[in-house]
Amino acid sequence: MSGHRIERINEQIKKELAVLVPQLKDPRIPHFLSVTEVKTSADLKTARVYVSIMDSNESDVIKGLNSSAGHLRSLLASNLKLRYTPMLDFHVDNSIKYGMEIDRKLSELRLDKDNEQ
């Protein structure tokens, strides 16, 4: 299957999930959650969905999302025109937290350097 087609499907799934996930009624899932990336397998059977979670217990949120995966998959099937709708597997994306931590450390280094001069 063409790499460009997979990329388009990944983007479609990402956009749909960004709208659908905040509508879930599970108390474990916060309303402020970002879908950062979707990686669909070449056969369209599975999709790894990466989410960024800021101020919640990550393991509870992932459990909530994985328990809602079947419902989300059925909603995706009605919104996307695909022969197969992939099974969703949610994972935490720590890249935003990591970037914020690096930025904080760089700011501290700048302050230390300014205080020395």
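Buried means under 20% relative accessible area, exposed means over 50%, and partly exposed lies in between (1.4 Å probe, protein chains only). By this definition, buried residues make up 32% of the 117 residues in the protein chain. The model is predicted: local features need pLDDT of at least 70, side-chain atom pairs count only at pLDDT 80 or more, and totals for chains, interfaces and linings use all residues. Residues are numbered from 1 along each chain as its sequence is written, and side-chain values use heavy atoms, with hydrogens and water left out.

**Figure 1. Overall fold of the protein chain, with four helices and three strands.** Helices (H or I, at least four residues) and strands (E, at least two) are DSSP runs, numbered from the N terminus. Along the sequence their order is α-β-β-α-α-β-α. The C-alpha trace spans about 65 × 35 × 20 Å along its principal axes. The radius of gyration, taken over C-alpha atoms, is 18 Å, while a compact globule of 117 residues would have a value near 13 Å. That globule rule is 2.2 Å times the number of residues to the power 0.38. Of the contacts (heavy atoms within 4.5 Å) with a separation of 6 or more, 66% are between residues 24 or more positions apart.

**Figure 2. Surface and charges of the protein chain.** The chain carries 18 positive and 17 negative side chains, and the centres of the two sets lie 11 Å apart. Lys and Arg count as positive and Asp and Glu as negative, with His and the chain ends not counted. Each charge is placed at NZ of Lys, CZ of Arg, CG of Asp or CD of Glu.

**Figure 3. Leucine 44 in the loop between strand E1 (34–40) and strand E2 (46–52).** The phi of leucine 44 is near 60°, a positive value in a residue other than glycine. Most residues other than glycine have a negative phi. Leucine 44 is buried, at a relative accessible area of 6%.

**Figure 4. Threonine 46 and serine 52, both in strand E2.** Threonine 46 is partly exposed, with a relative accessible area of 43%. Beyond its neighbours within four places in sequence, threonine 46 contacts Lys39, Thr40, Ser41, Pro86 and Met87. Serine 52 is buried, at 6% relative accessibility. With neighbours within four places again left aside, the contacts of serine 52 are Leu33, Ser34, Thr36, Asp93 and Ile96.

**Figure 5. The buried residues of helix H3 (residues 69–79).** Ala69, Leu72 and Leu76 are buried in this helix. They lie on the same side of H3, because they cover an arc of only 65° around the axis. The arc is that of the directions from the helix axis to the C-beta atoms. Among the elements that cover the buried residues of H3 are helix H1 (3–20), helix H2 (58–67) and strand E3 (87–92).

**Figure 6. Isoleucine 102 in helix H4 (residues 95–116).** Isoleucine 102 is partly exposed, with 35% relative accessibility. The C-alpha atoms of isoleucine 102 and lysine 14 are separated by 27 Å, and the two residues are 88 apart along the chain.

Technical notes: Areas by Shrake-Rupley, 256 points an atom, 1.4 Å probe, with all protein chains shown as cover.
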